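Have the 3D view open while you read.

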Amino acid sequence: MTVRSVVLGSLLAALGTPVPAAAQGKLLHHAIDRQTGSIVRVFQTGDGARVELESPSLKITREAAGARVTTTLTDAAGVVSVTYDRRTLTVKTPAGRVSATPQQTGRMEQARRLVANAPVTGRAAALIERLGFGADTPVLPLLLTTRTFLAAVSGRTAPRDLRFATPAAPPVPGLMRVSLGQQSSGTMTPTQCWNAYAKEAIEAYKEYEECIKDKSWYEILDNMACGAIYDMRAIGAFTWWLKCVAIN
Amino acid sequence: MRPFIIIVIQILVSAFLTASVMPLILVTTPAAAANPRLGLGLMTAVLLVSFTLVALVWPRRKRR
């Protein structure tokens, strides 16, 4: 065996062994909104949770840590952050920074105006409004409270959300072809196949991360079992996707 | 006939590696999960890299 073989073999082994991406908190939920092309991610952080909504031109982050809630809006023009804890509201925008307590009505109004005058506030509220998630999506209520919060701080009126006001339509009886699988791949478009594959692959990785979380490095058999289950799920998802996009 | 079989096995091993690595790529690159074109591009790149590495590592008969 040559030195080149050893080096390349090590590279291959490293390529096949995923490393948990836990630097920014544990990913709990990941969803893609087809209507706006935005990505929603929910992370569990050390002392709370963080919800991120990312569109190509705008990023909304809402982080709860203890009693402090920080809403950050980021776009090309800059960063607007609104932090609220039990005592103080702090607003930071490219135009300035204001901190106020509920008793300081003048400063509170100044902070409100600072948020209201930032163009990103309206864009963020509009983006959340356009999301196509249904009322049954667990993230939607969180995002709607963010929108209501933005509307309240900036003095706008938040429109009533019809997704919660309208009762779900009763199921309509009908006939459809079924197969042994969850959904017949013949009825799925390539994009749907990809979405289903991406969802399954991300779930597999999250399960692997969860599996190796409490394992020490010397628990070799346990780690190998986690890796084997991960590989089976990942390869299963991959072969399902190949079958889904195959020409029948 | 033999080189053909070896290449097929190398392709299968590269596909196995690609399938193992893709979930990690989809987690770390959300844009790839949202955009099939980008995702497939990355998948092809990973497949090519894997195939190259597998082909380089593959044991060869020593020349005399």
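Predicted model: local features only at pLDDT ≥ 70, side-chain atom pairs only at ≥ 80, totals over all residues.

How confident is the predictor in the complex? The ipTM is 0.85 and the pTM is 0.49. For chain B, the mean pLDDT is 89, and 95% of the residues reach 70 or more. Within chain B, α3(B) has the highest confidence, at a mean of 93, while α2(B) has the lowest, at 87.

**Chain A in brief**

Chain A is built with 7 helices and 8 strands. Of its 248 residues, 21% count as buried. If you look at the contacts in chain A with a separation of 6 or more, 42% of them join residues 24 or more positions apart.

Which residues of α6(A) are buried? The list includes A:Cys193, A:Trp194, A:Tyr197, A:Ala198 and A:Ala201, and it carries on to A:Tyr208 and A:Glu209. The buried residues of this helix pack against β1 and α7 of chain A, and also against α1, α2 and α3 of chain B.

Now hop over to α7(A). Its buried residues are A:Tyr230, A:Ala234, A:Ala237, A:Phe238, A:Trp241 and A:Cys244. They pack against α6 of chain A and α1 of chain B.

Let's zoom in on A:Tyr230, which sits in helix α7 of chain A. Why does A:Tyr230 count as buried? Because A:Tyr230 has 22 C-beta neighbours inside 10 Å, and the cut-off for buried is 20 or more. Beyond its neighbours within four places in sequence, A:Tyr230 is in contact with A:Ala204 and A:Tyr208. Also, A:Tyr230 and A:Glu207 are 23 residues apart along the chain, yet their C-alpha atoms are separated by 7.5 Å.

**Where the chains meet**

How many residues does each chain give to the contact? Chain A gives 26 and chain B gives 21. On the side of chain A that touches chain B, the elements giving two or more residues are α1, β1, β2, α6 and α7 of chain A. The largest share comes from α6(A), with 8 residues. Sorted by class, that side of chain A has 19 nonpolar, 5 polar and 2 charged residues.

One meeting point to find in the view is α7(A) with α1(B). Their axes come within 8 Å and cross at roughly 105 degrees. Angles from 65 to 115 degrees count as roughly perpendicular, so that is how α7(A) and α1(B) lie to each other. On the α7(A) side, the contact is made by A:Asp231, A:Ala234, A:Ile235 and A:Phe238, and on the α1(B) side by B:Phe16, B:Ala19, B:Ser20, B:Met22 and B:Pro23. By class, the residues of this contact are 7 nonpolar, 1 polar and 1 charged.

Notes:
Residues numbered from 1 in each chain as written. Chains lettered and ligands numbered in written order. Contact = placed C-beta atoms within 7 Å. Helix = DSSP H or I, 4+ residues; strand = E, 2+ residues; numbered from the N terminus. Nonpolar A, V, L, I, M, F, W, Y, C, P; charged D, E, K, R; others polar. Buried ≥ 20, exposed ≤ 12 C-beta atoms within 10 Å, placed from the backbone. Axes fitted to C-alpha atoms, helices over the stretch in contact; angles between N-to-C directions. Parallel < 35°, antiparallel > 145°, perpendicular 65-115°, else oblique. pLDDT = per-residue confidence, 0-100.
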